[in-house]
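Reader: I have a structure to go through. Could you take me through it, one point at a time?

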Amino acid sequence: MDDGAPGDRAVGDRALWDRASSGDEAAFGELFERHAEAVWNHAYRLTGSWSAAEDLTSNTFLTAWRRRADVTLIRDSALPWLYTVAGNAARDEHRGARRRLRLLHKIPDPPVVSDHADAVAARIDGEQRLREIVEAVRTLPKSQRAVVELCLLGDLSVADAAELLTVAEVTVRAHLSRARTRLRTLLEEK
């Protein structure tokens, strides 16, 4: 008894699809009501995600509506064709997600912008530390102070400092060793 009424379960998918192809929205609505849960379950099995299954189900029926006039059902059920559309959409989405992830991995991390306040604080701390060092160097005996100023602050080699001060290199090394020990003690106290 195929009278074509949209709510009648006796109407097969082929008859509903043919009516939907002619623009009968009620017939398409009946196809949706009949197969939406099965398509959603299939989409869920493909994706493992409720929200992705909802999106795939929506896309599947949107595709079915858009292509309703172009599709001829091979069997009397629209479900195999709907499953195929859902599977293709799931694969397309998966490929797109992989492409987006690869693209995101290619994008370099944004450069870390140093905080101006940190730079100012570091500079002030550095200047304060330098003043402490200079003050500690001033308290050294004259011979040690001269060696420190030439080798540590002036970056001269031990040989060049020895030649400039007209002393042996071993003397310069001894003065440096004593000066470092004394400076370390003085600076640790502060």
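Reader: To begin, how does Trp 50 count: buried or exposed?
Author: Trp 50 counts as exposed, at 58% relative accessibility. Buried means under 20% relative accessible area, exposed over 50%, and partly exposed in between, with a 1.4 Å probe and protein chains only. This is a predicted model, in which local features need pLDDT of at least 70, side-chain atom pairs count only at pLDDT 80 or more, and totals for chains, interfaces and linings use all residues. Residues are numbered from 1 along each chain as its sequence is written, and side-chain values use heavy atoms, with hydrogens and water left out.

Reader: How many aromatic pairs does the structure hold?
Author: There are 7 aromatic pairs. Rings of Phe, Tyr and Trp (its six-membered ring) pair if their centres lie within 6.5 Å; planes under 30 degrees apart count as stacked, over 60 as edge-to-face and the rest as tilted. One of the pairs is Phe 28 with Trp 65, edge-to-face at 5.0 Å centre to centre and 70 degrees between the planes.

Reader: Which helices hold Phe 28 and Trp 65?
Author: Phe 28 is in helix H2 and Trp 65 in helix H3, so their pair ties together parts 37 residues apart in sequence. Helices are DSSP runs (H or I, at least four residues), numbered from the N terminus. Phe 28 is buried at 11% relative accessibility, whereas Trp 65 is partly exposed at 24%.

Reader: And what sits over the ring of Trp 65?
Author: The charged end of Arg 68 does, 3.6 Å from the ring centre. The criterion is NZ of Lys or CZ of Arg within 6 Å of the ring centre and within 35 degrees of the ring normal. Ring pairs also link Trp 65 into a cluster with Phe 28, Phe 32 and Phe 61.

Reader: Changing topic, which residues touch the most other members of the largest nonpolar core?
Author: Trp 17, Trp 81 and Leu 82 do, in a core of 19 residues. Such a core is a set of buried Ala, Val, Leu, Ile, Met, Phe, Trp, Tyr and Cys residues joined through side-chain atoms within 4.5 Å.

Reader: What is Leu 82 in contact with?
Author: Leaving aside neighbours within four places in sequence, Leu 82 contacts His 35, Val 39, Thr 60, Phe 61 and Ala 64. Contact means heavy atoms within 4.5 Å.

Reader: Finally, what is the mean pLDDT of the chain?
Author: The mean is 85, and 94% of residues reach 70 or more; pLDDT is the predictor's confidence in each residue, from 0 to 100. Over residues 1-8 the pLDDT is below 50. Where pLDDT is low, the predicted coordinates should not be read in detail.

Conventions: Helices (H or I, at least four residues) and strands (E, at least two) are DSSP runs, numbered from the N terminus.
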